[in-house]
Amino acid sequence: MIKAVLFDLDGTLADTAPDLGYAINRMRTARGLPQLPLAATRPVTSLGARGLLEVGLEVTPEHSSYDALREEFLAIYADNLCRETRLFPGMAELLAELERRAMPWGVVTNKAERFTFPLLDRLGLGRRAACVIGGDTTGKLKPDPAPLFAASDRLGIAPPHCLYLGDDRRDVDAGRAAGMKVVVATFGYLNGTDPATWNADAMIAQPSELLRYLDQD
């Protein structure tokens, strides 16, 4: 029986693509480059700075300027965390229904705590989440299962009784390694790959469908 639901943040709980795209476009504008449409940056949003810098400036972590450019990107993003970021349609209703059922929910993301906590607060979720695990909380990033184990520990609910909802192959791999049920949010970013190949327990096209999955559990 599922007793708790854990959410990835970017591309699952909230649509953060517009603000991350804004940050890389600020960098492009400063360099005399034309802005990229959201359609170009959205698919790599779940990869964070690494994905946006590669798409926006053709810079990978091996580049000598990568670290400096990453810090520039993150500084811009920190000042623009919630310009256009919103919960995905239907997500607010899903969270309210989980709370009505007294089913705790939390967030497990690779986004660093210094962005995660302020963003959740601005979305009105900071005090509602039963646990929040950021990318630097455990020193491990998904697909390592350590963040999900940390969430399970904080909730006091064993991994087999937790469900993890994500939009990236790393989410599925982490959830599997942690022994949790794993569902893919196909309304998320998906990083340009086919979620049907990820070996998840289920896929949902909108948040409300998760309730039907829980009711079948």
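Me: Where is Ala 102 found, and why is Ala 102 called exposed or buried?
Reply: Ala 102 is found in the loop between α5 (91–100) and β4; helices (H or I, at least four residues) and strands (E, at least two) are DSSP runs, numbered from the N terminus. Buried means under 20% relative accessible area, exposed over 50%, and partly exposed in between, with a 1.4 Å probe and protein chains only. Ala 102 has a relative accessible area of 64%, so it is exposed. Its phi is near 60°, a positive value in a residue other than glycine. The model is a predicted one, in which local features need pLDDT of at least 70 and side-chain atom pairs count only at pLDDT 80 or more, while totals for chains, interfaces and linings use all residues. Residues are numbered from 1 along each chain as its sequence is written, and side-chain values use heavy atoms, with hydrogens and water left out.

Me: How do you know whether Leu 190 is buried or exposed?
Reply: The relative accessibility of Leu 190 is 15%, therefore this residue counts as buried. Leu 190 lies in the loop between β7 (181–185) and β8 (202–204), and its phi, near 65°, is again a positive value in a residue other than glycine.

Me: What makes Thr 116 count as buried or exposed, and which residues is Thr 116 in contact with, leaving aside its neighbours within four places in sequence?
Reply: With a relative accessible area of 0%, Thr 116 is buried. Thr 116 belongs to helix α6. Contact means heavy atoms within 4.5 Å; leaving aside neighbours within four places in sequence, Thr 116 is in contact with Leu 9, Thr 109, Lys 111 and Val 132.

Me: Which residues of helix α7 are buried, and what covers them?
Reply: In α7 (residues 146–155), the buried residues are Pro 147, Leu 148, Ala 150, Ala 151, Ser 152 and Leu 155. Their cover includes β1 (4–7), β4 (105–108), β5 (131–133), β6 (162–166) and α8. Just after the helix, Gly 156 takes a positive phi of about 70°. In the loop between β5 and α7 lies Pro 143, which a cis peptide bond joins to Lys 142, with omega about 25°.

Me: What makes a set of residues a nonpolar core, and which residues touch the most other members of the largest one?
Reply: A nonpolar core is a set of buried Ala, Val, Leu, Ile, Met, Phe, Trp, Tyr and Cys residues joined through side-chain atoms within 4.5 Å. The largest has 54 residues, of which Phe 7, Leu 13, Phe 73, Leu 98, Leu 163, Leu 210 and Leu 214 touch the most other members. Its largest share, six residues, comes from α4. A second, separate core of 15 residues includes Leu 6, Ile 133, Ala 150 and Cys 162. In soluble globular proteins, nonpolar side chains tend to be buried together.

Me: Why is the protein chain called as compact as a globular protein of its length?
Reply: The chain has nine helices and eight strands. Its radius of gyration is 17 Å, close to the 17 Å that the globule rule gives for 217 residues, so the chain is as compact as a globular protein of that length. The radius is taken over C-alpha atoms, and the rule is 2.2 Å times the number of residues to the power 0.38. Of the 217 residues, 53% count as buried.
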